[in-house]
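Look at the model below and follow the chain with your eye.

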Amino acid sequence: FLMAAAVAVLGACGGGGGGGGGSSGGGTVAANAIAGYYAGSFTQSGVIFDAEGAVSTNGRSIFASDAAARIYAGVLPTSGTAVSSTLRAYDVVYANSYSAVGTFSTTAAFNGTVSPRASITGTSTSAGQSASVNLGFSAAVTDQPASLSAIAGTYRGIDTTAGDSLTLSITNSGAVTGSDSDSCTYTASLTAPSSTVNVYELNSV
């Protein structure tokens, strides 16, 4: 599914994506060892929210929470077990059964620990509020072979309640085009950084 596949924020109808910086310290792990799909939760003010996301082989990352209506994007280091990184936080202003639209809200400082092929844990601080993060690595999702030819095709999302629809086409070379029922058009490029890690990078063009 797309949350496990795309490590980017694709801007629809003039939207945009974000980056962020990161640094690491502590012990060392093999390059790309933290790449993959993660799922778990974060807790803020005693409230537990769902969370899931993906880390690419170059550290580009995206995490999202349906319950908190929040998306985080940035870069996590790909070596070292101690992580200190600044992520960009987006508030979800509209969502349906197949997509979400977010607007930039603030930055979030994340400090924690990465255990390769096991977990990402730590504390995220944003706008004066802190949240504890606990994400578990999913080998079942991550260890699927990845290639552009494997995901080439046409995908259609329909939300019958909202009356929305979206169609995206992906070619064998990774070119992405599409349109939706609001007359928005989409153009992007898709890459598969590793044939053994089921994470794809989506870049708007």
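Leaving aside its neighbours within four places in sequence, which residues is leucine 76 in contact with? The model is a predicted one. In it, leucine 76 touches Ile34, Val55, Asn58, Gly59, Ser61, Phe63, Val83, Ser85, Phe110 and Ile120.

**Cores**

In soluble globular proteins, nonpolar side chains tend to be buried together. Here the largest nonpolar core has 20 residues. Leu76 is among those with the most contacts inside this core, along with Tyr38, Val55, Phe63, Ile120 and Leu135. S2, S3, S6, S7 and S9 are the elements that give two or more residues to this core. S9 gives the most, with 4 residues. A second, separate core has 13 residues, including Leu148, Leu166, Leu168 and Cys184.

**Strand pairs**

Now turn to the strands.

| Pair | Direction | Bridges |
|---|---|---|
| S2 and S3 | antiparallel | 9 bridges |
| S2 and S9 | antiparallel | 6 bridges |
| S3 and S4 | antiparallel | 4 bridges |

Which residues stand opposite each other? Serine 41 stands opposite aspartate 50 in S3. Phenylalanine 42 faces phenylalanine 49, also in S3. Glycine 40 has leucine 135 in S9 as its bridge partner. For glutamate 52, the bridge partner is alanine 64 in S4.

Two of these pairs are also described as hairpins. S2 and S3 form a hairpin with 2 residues between them. Serine 45, in that turn, has a positive phi of about 55°. S3 and S4 form a hairpin with 4 residues between them. In this turn, glycine 59 has a positive phi of about 95°.

**A pocket**

Rolling a probe the size of a water molecule over the atoms shows where empty space is left. The second largest pocket has a volume of about 390 Å³. How many residues line the second largest pocket? The lining has 24 residues. Phe42, Tyr72, Ser124, Ala131 and Val133 lie nearest the pocket's centre. Phe42 is the residue that stands opposite phenylalanine 49.

Strands S2 (36–44), S4 (60–65), S5 (70–75), S6 (82–95), S7 (100–115), S8 (119–126) and S9 (129–137) each supply at least two residues of the lining. S2 and S9, which are joined by 6 bridges, both contribute to this lining.

Definitions and conventions:
Residues numbered from 1 in each chain as written. Predicted model: local features only at pLDDT ≥ 70, side-chain atom pairs only at ≥ 80, totals over all residues. Heavy atoms only, no water. 1 Å grid on protein atoms, 1.4 Å probe; cavity = no way out; pocket = protein on both sides within 12 Å on 5 of 7 lines; lining within 4 Å. Points joined across faces, edges and corners; volume = space filled by probe spheres on them. Pairing = 2+ DSSP bridges. Core = buried A, V, L, I, M, F, W, Y, C linked by side-chain atoms within 4.5 Å. Buried < 20%, exposed > 50% of the residue type's maximum accessible area, 1.4 Å probe, protein only. Contact = heavy atoms within 4.5 Å.
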